[in-house]
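Welcome, and thanks for taking a look at this one. Here is a short briefing to read alongside the structure.

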Amino acid sequence: MKWSFKDLLKLRSVRRVAQVFFFSLFLFFVVISDLRYLKGYPASLFLELDPLVAFATAITTHTVYIGLLLSLLLILPTLLFGRIFCNWICPYGILHHFIGWLLGKRRAEERERIEANRYKKLYSLKYVILIGMIVAAVCGSLQIGLLDPICLFHRSMTTAIMPLLNLFIPSSVYVRQYFHMGAWVIGFLLFFLVGMNVLIPRFFCRVLCPLGAFLGTLSSVALWRIDRNPDKCVDCDLCLKSCEGASDPHTQLRKSECFVCFNCIEDCPEDAISFKFMPPLKHEITAPMVPARRALLGSLVGVGFFAFGRASGKTDRDYNKKVIRPPGSVEEKDFLERCIKCDQCIRVCPTNVLQPSLLESGLEGIWTPILNMKLGYCELNCTLCGQVCPTGAIQRITIEEKTGVGPFAEEGPIRLGTAFYDHGRCLPWSMETPCVVCEEVCPVSPKAIYSREVTITKRDGTPITLRRPYVDPALCIGCGICEHECPVTDEAAIRVTAIGETRSRDRRLLMDGGVTSAVRDLEKRQR
Amino acid sequence: MSTNPPPDDTDGRTSRREFILRAGATGALLAGAAVAGRALWQPEHFVPGFQPEKGLQLPSYALALNKTLPSLAIAHGKEHDATVRAAIGALGGMSRFVQKGDIVMIKPNVAFDRPPALAATTHPEALRAVAKLVMEAGAAKVFIADNPINSPAGCFLKSGLRQVASDLNLELLYPETNSFSPLQLEGEVLKHWTFFHEPFKKATKVIGVAPCKDHNLCHASMTMKNWYGLLGGRRNQFHQHIHSIVSDFALMMKPTLVVLDGMNVLMKNGPTGGRLSDVKQMGTVVAGTDMVAVDSYGYTHLLERDLAELTYIHKAHDRGLGNKNWQDTFHKEVQA
């Protein structure tokens with residue numbers, strides 16, 4: 001293929017420039033979501049632009065959180081031009097477009113390519129998925145993040161791709177290697193979804209994507225669309241050769257399926273296709289085709305997701321002691337109304353403590369963030385997770401609000417849980433060995449962990465003086481650094497569990513709960 | 001769509017050439033497998049976890065003994081720069097320790113993710129003052145490195161040391177996966193441990209710049225305890241023999257110079273601190289070539305406690321690693 005300057009001005013070239021730009025921008029945000037580089041960049045911009053995130057959280061919370069207002073910026077071009085997001089901006093769509101090209105679609109025979117891009121009934125599945133997710137959201141369970149492409153791509157980068165890069169090139173992404181629970185599930189899911197392009201080009205975008213379904217629904221009122229001039233058309237079907245959306249440009253255009261990639265315009269040998277303002281309605285299939293009974297089935301699954309999830313009890317009395325949420329998280333039921341499982345908090349966490357839960361927080365909480373103190377601990381002077389959270393599942397709290405100083409002294413610090421000793425595993429408590437690393441690293445002042453000196457007679461009859469540690473529950477903030485640094489590393493002798501978390505009044509431990517009185521008492525005693 | 005095989009004109013017999021090629025290929029694979037198998041053969045078993053340990057030996061960075069200049073200097077002053085200068089000046093100036101072309105590793109204590117005012121980490125102004133003197137003395141390169149307890153990036157950022165490193169063009173080395181090698185030592189308990197080797201691959205001089213802090217278990221963290229940050233691995237086991245370990249640090253590291261920053265001392269709730277009321281202004285900087293003497297001054301005059309309880313100082317003294325009776329050493333006390 002020969003290149004000339006004129007090619008550069010073609011729509012396809014302009015689109016490629018946009019694709020490279022937006023994909024690079026996405027990768028840039030993924031890379032700089034790190035304490036060392038963050039410096040106020042809008043690392044969650046793509047998530048904030050995502051109209052499905054704004055729409056679904058508006059359903060669950062009746063609010064549009066801080067940056068989500070930006071999603072209006074994306075709704076406007078969709079209402080004018082259709083789903084241009086899918087093929088011009090969406091980094092996950094661009095990935096699938098590129099992979100489809102790379103996997104040899106370009107080398108296949110013309111006929112084979114045309115057949116691969118015809119519309120299939122299967123492509124209406126994404127609308128059923130969207131309906132199910134919206135119904136679940138109406139009930140109070142936000143599940144769009146399972147398949148929303150921006151959430152899915154951020155999550156895959158955070159938990160699978162970035163750690164993979166760092167495994168092969170140590171210190172390239174992290175100072176110390178990061179680990180993520182269940183990374184293999186997310187990693188193989190990414191491989192599966194990308195690999196499906198071999199069987200069906202743009203499989204994810206055409207079949208599964210709820211954001212595509214949402215934008216497709218919006219785009220039924222778009223003012224511009226691809227239009228075929230039947231007088232010029234010779235029915236060669238060549239317009240299907242590179243059709244990304246499988247939107248049938250060779251006949252009545254399926255408006256909600258078109259990705260506005262403009263390939264058909266350039267592939268048409270007769271110049272019969274153009275992008276037109278308000279072309280006749282009878283030449284298009286305006287609205288998405290969703291059989292009513294399947295839509296009903298989708299709604300039932302959505303209701304079931306909420307109802308069966310809640311009925312399993314993990315959000316209520318049978319809550320899991322390991323579901324320790326990041327600092328600034330809202331109360332559990334509200335959390336499940338806000339968290340989109342994008343795992344940006346997990347990406348930005350400087351200690352690797354944040355982990356995607358699998359089933360710890362129940363069916364509804366798959367891939368929502370929890371703390372695993374074996375892998376990290378919550379850094380006292382850090383609120384990065386709340387800074388990048390696009391939906392306010394983790395509120396954008398300040399350090400002063402987190403630590404309960406200055407004007408927030410009356411409320412005291414935010415607590416994530418409470419630490420408890422397991423005396424049978426603790427060296428000074430049952431093994432005649434000095435230790436108290438837990439006391440050393442306890443970051444609050446006065447320390448929540450204190451020790452009492454005791455002199456005991458060892459098994460061999462000699463005396464030994466040890467310090468035995470205790471937790472002061474009025475001071476413990478549940479940061480977990482004691483558990484993280486405990487030398488009994490397989491199952492620490494001090495472990496934090498969720499009880500005592502301040503975000504939920506039902507899960508507090510002490511009746512007064514205020515740190516201030518405990519500190520004052522202690523100071524009096526010390527004097 | 002299957003293609004037909006080409007017409008056969010050999011009457012089903014194999015040509016000599018084809019025989020040699022095909023038999024040769026099979027034979028070569030067999031021979032290759034045998035050679036590879038023999039070369040990789042492990043004929044003996046071993047006991048996992050009990051293989052002999054090998055590790056690097058750290059050279060001494062200490063200067064030759066000098067009887068005409070003091071080995072301990074105590075300077076009192078109001079701010080870091082002048083006080084550090086006065087202390088180093090009293091020892092004979094930085095040119096005594098660092099010559100033109102030296103590559104100097106400065107080890108601050110950045111263990112925690114804390115702002116400087118809480119005195120849980122080496123104060124950025126103390127580091128700045130020492131680093132400036134080192135560069136004025138003609139050092140070719142200065143490394144700053146530590147392996148903190150909290151996450152490294154956060155510690156260097158919030159302690160203010162990253163800013164100093166970028167202001168003065170010092171090379172900040174994070175404790176990355178590849179930065180460690182095993183160290184071998186004949187310590188009381190420290191024998192074989194993973195060590196932050198990267199900064200020492202090139203360094204010709206080593207200077208420790210430590211804050212003066214209370215410590216919940218070993219009573220105080222000063223210049224000896226500062227070397228804890230050069231070790232990696234399961235450091236949380238150290239607490240089982242903390243005094244032996246801290247005295248082993250004096251064996252492990254023979255620094256060119258140590259500086260104890262006693263301008264603001266963390267008097268209680270150490271080693272993390274957390275409130276300004278834990279910190280006391282003492283307006284003192286102690287510098288010297290004998291860590292044991294420096295720390296015993298720090299414990300008695302800055303933390304203002306009884307040296308008798310500081311077991312690791314006595315252990316180090318008894319092992320001949322330094323002199324706990326700082327008054328008996330050649331020292332000088334100056335005002336900035």
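Predicted model: local features only at pLDDT ≥ 70, side-chain atom pairs only at ≥ 80, totals over all residues.

**Helix H3 of chain B**
- Helix H3 of chain B covers residues 124-136, 13 residues in total.
- From first C-alpha to last, H3(B) reaches 18 Å, close to the 18 Å expected at 1.5 Å a residue.
- Buried positions in H3(B) include B:Pro124, B:Leu127, B:Arg128, B:Val130, B:Leu133 and B:Val134.
- The partners of these buried residues in chain B are helices H2 (80-90) and H5 (161-168), together with strands S2 (103-108), S3 (141-145), S7 (205-215) and S9 (257-266).
- Beyond its neighbours within four places in sequence, B:Val134 is in contact with B:Met94, B:Val98, B:Val104, B:Ala139, B:Val142 and B:Ile207.

**The largest nonpolar core**
- This core has 228 residues, and B:Ala87, B:Ile106, B:Val130, B:Val134 and B:Val259 have the most contacts inside it.
- Its largest share, eleven residues, comes from helix H9 (residues 125-139) of chain A.
- Domain 1 (5-285) and domain 2 (415-527) of chain A each supply at least three residues to this core.
- In soluble globular proteins, nonpolar side chains tend to be buried together.

**Where chains A and B meet**
- Chain A brings 32 residues to the contact and chain B brings 29 residues.
- On the chain A side, helix H21 (residues 437-441) gives the most, with four residues.
- That side of chain A divides into 18 nonpolar, six polar and eight charged residues.

Terms used
Residues numbered from 1 in each chain as written. Chains lettered and ligands numbered in written order. Contact = placed C-beta atoms within 7 Å. Helix = DSSP H or I, 4+ residues; strand = E, 2+ residues; numbered from the N terminus. Nonpolar A, V, L, I, M, F, W, Y, C, P; charged D, E, K, R; others polar. Core = buried A, V, L, I, M, F, W, Y, C linked by C-beta atoms within 7 Å. Buried ≥ 20, exposed ≤ 12 C-beta atoms within 10 Å, placed from the backbone. Domains from an automatic or database assignment. Expected span 1.5 Å × (residues − 1).
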